[in-house]
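This briefing goes through one structure by topic. Please have the sequence and the 3D view open while reading.

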Amino acid sequence: KGSFMIKNNEKTEIKISNNKDITKFKILVSRHHLREEDKEFINQLKITNYVKKGSAGLKISDIANGSVELYFSSTNKIKIWDTCAAHCILEEAGGKITNMDGNNLSYEKGIAHTNGILASNGLKHNEIVQQYNIFTDNFKK
């Protein structure tokens, strides 16, 4: 039924950005969990506009309201309670969220997402997953 924001007592629907050019994506990265591998992947995507910010839920919500296009973390430190509400908000706004392999996130077991998270405006999500898989294959070599 959509995602909404109330500001100044007015309810407005929020939507993801319609930007499809990955090199022009604005990206949020973790203040606490940013790994060197993640920085290298950002460089591979040719994204230069990124900002560090705390709270996975807030970063995902920023994608939902269209102010940024991408957030990911390849760590296993992102807790499920940090993403479950934002997950719903993002998908209702038109975005997509998966683990780094492109599989659905699980909220059934454990306390953390074991294969990272990837949240985006959804327009190039599958392409980013594919590029990440190529990147990790090459990174392991």
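**Salt bridges, strands and aromatic pairs**

At 26% relative accessibility, Glu37 counts as partly exposed; buried means under 20% relative accessible area, exposed over 50%, and partly exposed in between (1.4 Å probe, protein chains only). The model is predicted: local features need pLDDT of at least 70, side-chain atom pairs count only at pLDDT 80 or more, and totals for chains, interfaces and linings use all residues. Residues are numbered from 1 along each chain as its sequence is written, and side-chain values use heavy atoms, with hydrogens and water left out.

**Confidence**

- The average pLDDT of the chain is 93, and 98% of the residues score at least 70; pLDDT is the predictor's confidence in each residue, from 0 to 100.
- Among the elements of the chain, strand β6 (residues 96–98) has the highest mean pLDDT (98) and strand β4 (residues 49–53) the lowest (90).
- Helices (H or I, at least four residues) and strands (E, at least two) are DSSP runs, numbered from the N terminus.

**Salt bridges**

- Six salt bridges are found in a search of the whole structure, where a salt bridge is a side-chain nitrogen of Lys or Arg within 4 Å of a carboxyl oxygen of Asp or Glu.
- Side chains of opposite charge can pair when their charged atoms come close.
- Glu37 forms one of these bridges with Arg35, with the closest N and O atoms 2.6 Å apart. Arg35 is partly exposed, at 29% relative accessibility.
- Glu13 and Lys15 meet through their side chains in a salt bridge of 3.6 Å, N to O. Glu13 is partly exposed at 43% relative accessibility, and Lys15 is partly exposed at 47%.
- Between Lys24 and Asp21 there is a salt bridge whose closest N and O atoms are 3.8 Å apart. Lys24 is exposed, with a relative accessible area of 57%, whereas Asp21 is partly exposed at 32%.

- Strand β1 (residues 3–7) pairs with strand β2 (residues 10–14) in the antiparallel sense over five bridges; two strands pair if DSSP finds at least two bridges between them.
- Lys7 is placed opposite Glu10 in β2.
- The hairpin has two residues between its strands, and Asn8 takes a positive phi near 55° there.
- The charged end of Lys11 sits over the ring of Phe4, 4.6 Å from its centre. For this, NZ of Lys or CZ of Arg must be within 6 Å of the ring centre and within 35 degrees of the ring normal.

- Strand β3 (residues 26–30) runs parallel to β4, and five bridges join the two.
- Leu28 stands opposite Val51 in β4.
- Together, β3, helix α1 (residues 36–44) and β4 make a right-handed β-α-β unit. A crossover is right-handed if, with the strands pointing away from the viewer, the path from the first strand over the helix to the second runs clockwise.

**From β4 to α2**

- Ser55 is in the loop between β4 and α2 and is partly exposed, with a relative accessible area of 41%.
- C-alpha to C-alpha, Ser55 and Thr12 are 23 Å apart in space, and they are 43 residues apart in sequence.
- Helix α2 (residues 56–64) is mostly covered, with seven of its nine residues buried. The buried residues include Ile60 and Ile63, as well as Lys59 and Asp62.

**Aromatic pairs**

- The count comes to four aromatic pairs. Rings of Phe, Tyr and Trp (its six-membered ring) pair if their centres lie within 6.5 Å; planes under 30 degrees apart count as stacked, over 60 as edge-to-face and the rest as tilted.
- Phe41 and Phe135 form a tilted pair, 5.4 Å centre to centre with 50° between the planes. Phe41 lies in helix α1 and Phe135 in helix α4 (residues 125–140), so the pair ties together parts that are 94 residues apart in sequence.
- Tyr132 and Phe135 have ring centres 6.3 Å apart and planes at 35°, so this pair is tilted.
- Tyr132 and Phe135 both lie in helix α4, three residues apart, about one turn of the helix.
- Phe41 and Phe135 are buried, and Tyr132 is buried as well.
- One aromatic cluster is formed by Phe41, Phe72, Tyr132 and Phe135.
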